[in-house]
Amino acid sequence: MAKITYIEQNGTRHEVEVANGLTVMEGARDNNIPGIEADCGGACACSTCHVYVAPDWVEKLPAKDDMEEDMLDFAYEPDAVRSRLTCQLKVSDALDGLVVQMPEKQI
Ligand code: FES
């Protein structure tokens with residue numbers, strides 16, 4: 001279980017508990033948090049689950065694989081360091097305290 005904070009573009013914060021084994025995208029979806037659309041359902045094929053990870057979390061997350069890296073090119077205003085696709089981030093105790101910010105819009 002990890003407490004994850006999702007921050008909307010307008011600054012609205014959503015702090016929720018997400019079970020281990022789910023993805024950060026599923027944590028948003030299951031809690032009806034706006035700003036993460038996840039059109040492809042988590043297949044790393046749409047980039048509409050894009051977020052900016054809080055700077056102090058960038059190094060703590062597992063590295064992006066090639067597929068995520070490629071798909072991020074299609075995201076809205078990706079940041080080379082902070083952008084991640086939330087469907088590729090698996091929740092575990094190690095993610096407790098994670099903070100992510102949604103972009104102004106998904107593509
Ligand atoms: S949900 Fe489509 S890439 Fe993540």
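Modeller: This is a predicted model. The largest nonpolar core has 32 residues, and Ile 4, Tyr 6, Val 24, Ile 36, Val 53 and Leu 98 are those that touch the most other members. At least two residues of this core come from each of S1, S2, helix H1 (24–30), strand S3 (50–53), helix H2 (66–72) and strand S5 (99–101). S1 gives the largest share, 4 residues.

Colleague: What is Ile 4 in contact with, leaving aside its neighbours within four places in sequence?

Modeller: Ile 4 is in contact with His 14, Glu 15, Val 16, Val 18, Val 24, Val 91, Leu 95 and Leu 98. Contact here means heavy atoms within 4.5 Å.

Colleague: How do you know that S1 and S2 pair?

Modeller: Two strands pair if there are at least two bridges between them. S1 and S2 have 6 bridges, in the antiparallel sense, so they count as paired. Within this pairing, Lys 3 has Glu 17 in S2 as its bridge partner. The hairpin of S1 and S2 has 5 residues between the strands, and Gly 11 there takes a positive phi near 95°.

Colleague: Why is the link between Glu 15 and Lys 3 called a salt bridge?

Modeller: The rule asks for a side-chain nitrogen of Lys or Arg within 4 Å of a carboxyl oxygen of Asp or Glu. The closest N and O atoms of Glu 15 and Lys 3 are 3.7 Å apart, so the pair qualifies.

Colleague: How many salt bridges does the rule give?

Modeller: The count comes to 4. Among them is the one between Arg 29 and Asp 30, at 3.0 Å from N to O. Arg 29, at 46% relative accessibility, is partly exposed, and Asp 30, at 44%, is partly exposed as well. Another joins Lys 64 and Glu 69, whose closest N and O atoms are 3.8 Å apart; this is within 4 Å, so the pair is included. Glu 69 is partly exposed at 39%.

Colleague: What makes Ser 83 a buried residue?

Modeller: Buried means under 20% relative accessible area, and Ser 83 has 1%, so it counts as buried. Ser 83 is found in strand S4 (residues 83–85).

Colleague: What does the side chain of Ser 83 make a polar contact with?

Modeller: The side chain of Ser 83 makes a polar contact with the side chain of His 50, at 2.7 Å. A polar atom of the Ser 83 side chain also lies 2.6 Å from the backbone nitrogen of Asp 79.

Colleague: Why is the chain called compact?

Modeller: A compact globule of 107 residues would have a radius of gyration near 13 Å, and the protein chain has 12 Å, which agrees. Of these 107 residues, 46% count as buried. From the N terminus on, the elements run β-β-α-β-α-β-β.

Note on methods. Residues are numbered from 1 along each chain as its sequence is written. This is a predicted model: local features need pLDDT of at least 70, side-chain atom pairs count only at pLDDT 80 or more; totals for chains, interfaces and linings use all residues. Side-chain values use heavy atoms; hydrogens and water are left out. Buried means under 20% relative accessible area, exposed over 50%, partly exposed in between (1.4 Å probe, protein chains only). A polar contact is a pair of N or O atoms within 3.5 Å; within protein, one must be able to donate a hydrogen and the other to accept it, and residues adjacent in sequence count only if both atoms are side-chain atoms. A nonpolar core is a set of buried Ala, Val, Leu, Ile, Met, Phe, Trp, Tyr and Cys residues joined through side-chain atoms within 4.5 Å. The radius of gyration is taken over C-alpha atoms; the globule rule is 2.2 Å times the number of residues to the power 0.38.
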